[in-house]
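Come along and read the entries with me.

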Amino acid sequence: MADMWLEAKRPHYESKLWVFFKFKIEQNTIPAYGDGFRAARRAVYKYGLQQTLQHIRTTGNFPF
């Protein structure tokens, strides 16, 4: 997940900007963006990145 990687790699001076962008993505009401982001994040936190990606490759959907 890009948000996890960016959160870990961002310089300190960008932290407020990143928090703002992350908030905007999380609160987005457009299903493809906000809902998709939240579903991806839940799956990665619950199953890990590799298992989530494998599930998406085989089923075309996020694991729940």
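**Entry 1: helix α3.** I looked up which residues of helix α3 (residues 31-47) are buried, and found G34, F37, A39, A40, R41, A43 and V44. Here, buried means under 20% relative accessible area, exposed means over 50%, and partly exposed is in between, with a 1.4 Å probe and protein chains only. Helices are DSSP runs of H or I with at least four residues, strands are runs of E with at least two, and both are numbered from the N terminus.

**Entry 2: ground rules.** I noted that this is a predicted model, in which local features need pLDDT of at least 70 and side-chain atom pairs count only at pLDDT 80 or more, while totals for chains, interfaces and linings use all residues. Residues are numbered from 1 along each chain as its sequence is written, and side-chain values use heavy atoms, with hydrogens and water left out.

**Entry 3: the whole chain.** I counted four helices and zero strands, in the order α-α-α-α along the sequence. Of the 64 residues in the chain, 22% are buried. I also checked contacts (heavy atoms within 4.5 Å). Among those between residues at least 6 apart in sequence, 26% join residues at least 24 apart.

**Entry 4: helix α2.** I found 12 residues in α2 (residues 15-26), reaching 16 Å from the first C-alpha to the last, close to the 16 Å expected at 1.5 Å a residue. The expected span is 1.5 Å times one less than the number of residues. Which residues of α2 are buried? I listed S15, W18, K22 and E26. They lie on the same side of α2 because they cover an arc of only 70 degrees around the axis. That arc is taken from the directions from the helix axis to the C-beta atoms.

**Entry 5: α2 against α3.** I saw that their axes come within 7 Å and cross at roughly 105 degrees. Axes are lines fitted to C-alpha atoms, for helices over the stretch in contact, and angles run from 0 to 180 degrees between N-to-C directions. So α2 and α3 are roughly perpendicular to each other. The cut-offs are under 35 degrees for roughly parallel, over 145 for roughly antiparallel, 65 to 115 for roughly perpendicular, and oblique for the rest. K22, I25 and E26 of α2 meet G34, F37, R38 and R41 of α3. By class, I sorted this contact into two nonpolar, one polar and four charged residues. Nonpolar covers Ala, Val, Leu, Ile, Met, Phe, Trp, Tyr, Cys and Pro; charged covers Asp, Glu, Lys and Arg; the others, Gly among them, are polar.

**Entry 6: R38.** Leaving out residues up to four places away in sequence, I found R38 touching I25, E26, Q27 and N28. The C-alpha atoms of R38 and E26 are separated by 6.6 Å, though the two are 12 residues apart along the chain. Q27 sits in the loop between α2 and α3 and is partly exposed, with a relative accessible area of 48%.

**Entry 7: α3 against α4.** I found axes that come within 7 Å and cross at roughly 125 degrees, which makes α3 oblique to α4. The contact pairs A43, V44 and Y47 of α3 with L49, Q51 and T52 of α4. I sorted these residues into four nonpolar, two polar and no charged.

**Entry 8: T52.** Is T52 buried or exposed? I found T52 buried, with a relative accessible area of 2%. Not counting residues up to four places away in sequence, T52 touches A43, V44, Y47, F62 and P63.
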